[in-house]
Amino acid sequence: MGRAYQNRKESIAKTANAKSKVYSKYGREIYVVAKSGGADPDGNLALRGLIERAKKDQVPAHVVEKALQKATSGAGEDFSPARYEGFGPGNCMVIVDCLTDNPNRTIGDVRQCFNKVKAKIGTSGTVSHMFDHCAILVFAGDDEDAVLEALMMADVDVTDVEQEDGKITVFAPHTEYFKTKQALTEAFGDIDFDVDSIQFVPQTTVEVTGDDVAQLERFLDMLDDVDDVQNVYHNAEY
């Protein structure tokens, strides 16, 4: 199928300011997940997976510990998820996922990013129906048939399994994330996942060319600078 997904390597942030933003985003998400599902990774699979990703992206242990302590103390902020959709430069489709303690501030900040590049923010559902909400797991391997069989034996509602360049990529509905990961580890042991996430994967892509490329890059950089923005998904090829 060759579906495009975003393999964001946040650990390659080169400046102290960029690293600080990565740490802040992880800290906020760890706090929210721990507060809602418990601060024990053994009893909160979402938290366990998030901490594993944080370690891979070289987030310092003290950032993780501080977020967990804040979640258990009850003294932290009351963050809630917010999702915004619209059309970016080159008429690409964009989904912006946020965690916010002030929705009015967040929508204002996100709308300003759209306005500065003459893009259009829409209402809920404007473009999300053109994306698949997928669990994506990528790991070293070359036998996709064995992987598919293991997932089917575990009654996982897997969407697709691909093999390319010594890597297996598993796509499953986002609701099957934990079940998929558990089935893989039970079948193949302790797997070192290159990608371990839930993402919005575009069903179609649009080629962005000319001046729109610079505008798109500026747009994505501006969104990344918004503290409340956690992830941005788009269907642009450029």
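These legends describe close-up views of a predicted model.

**View 1. Salt bridges across the model.** The predicted structure contains 9 salt bridges. Side chains of opposite charge can pair when their charged atoms come close. Several of these contacts are taken up in the views below.

**View 2. A salt bridge joins Lys56 and Asp192.** Their side chains meet with N and O 3.0 Å apart. The two partners sit in distant parts of the chain, 136 residues apart. Lys56 belongs to helix H2, residues 45–56. Asp192 lies in the loop between helix H6 (177–188) and strand S7 (195–202). Lys56 is partly exposed because its relative accessibility is 41%. Asp192 counts as exposed, at 56% relative accessibility; the cut-off for exposed is over 50%.

**View 3. Lys167 pairs with Asp194 in a salt bridge.** The closest N and O atoms are 2.5 Å apart. Lys167 lies in strand S6, residues 167–173. Asp194 lies in the loop between H6 and S7, so the pair ties together parts that are 27 residues apart in sequence. Lys167 has a relative accessible area of 33%, so it counts as partly exposed. Asp194 is also partly exposed, with a relative accessible area of 29%.

**View 4. Asp101 and Arg105 form a salt bridge within a network.** The side chains of Asp101 and Arg105 meet at 2.8 Å, N to O. Asp101 is partly exposed, with 37% relative accessibility. Arg105 is partly exposed too, at 34%. Both residues belong to a network of salt bridges that also links Arg28 and Asp228.

**View 5. Strand S7 is largely enclosed by the rest of the structure.** Of the 8 residues of S7, 7 are buried, so the rest of the structure largely encloses this strand. Buried here means under 20% relative accessible area. The loop between H6 and S7 holds Asp194, the partly exposed partner of Lys167.

**View 6. Strands S4 and S7 pair in the antiparallel sense.** S4 covers residues 131–140. The pairing of S4 with S7 runs over 8 bridges. S7 is the strand with 7 of its 8 residues buried.

Note on methods. Residues numbered from 1 in each chain as written. Predicted model: local features only at pLDDT ≥ 70, side-chain atom pairs only at ≥ 80, totals over all residues. Heavy atoms only, no water. Salt bridge = Lys/Arg side-chain N within 4 Å of Asp/Glu carboxyl O. Helix = DSSP H or I, 4+ residues; strand = E, 2+ residues; numbered from the N terminus. Buried < 20%, exposed > 50% of the residue type's maximum accessible area, 1.4 Å probe, protein only. Pairing = 2+ DSSP bridges.
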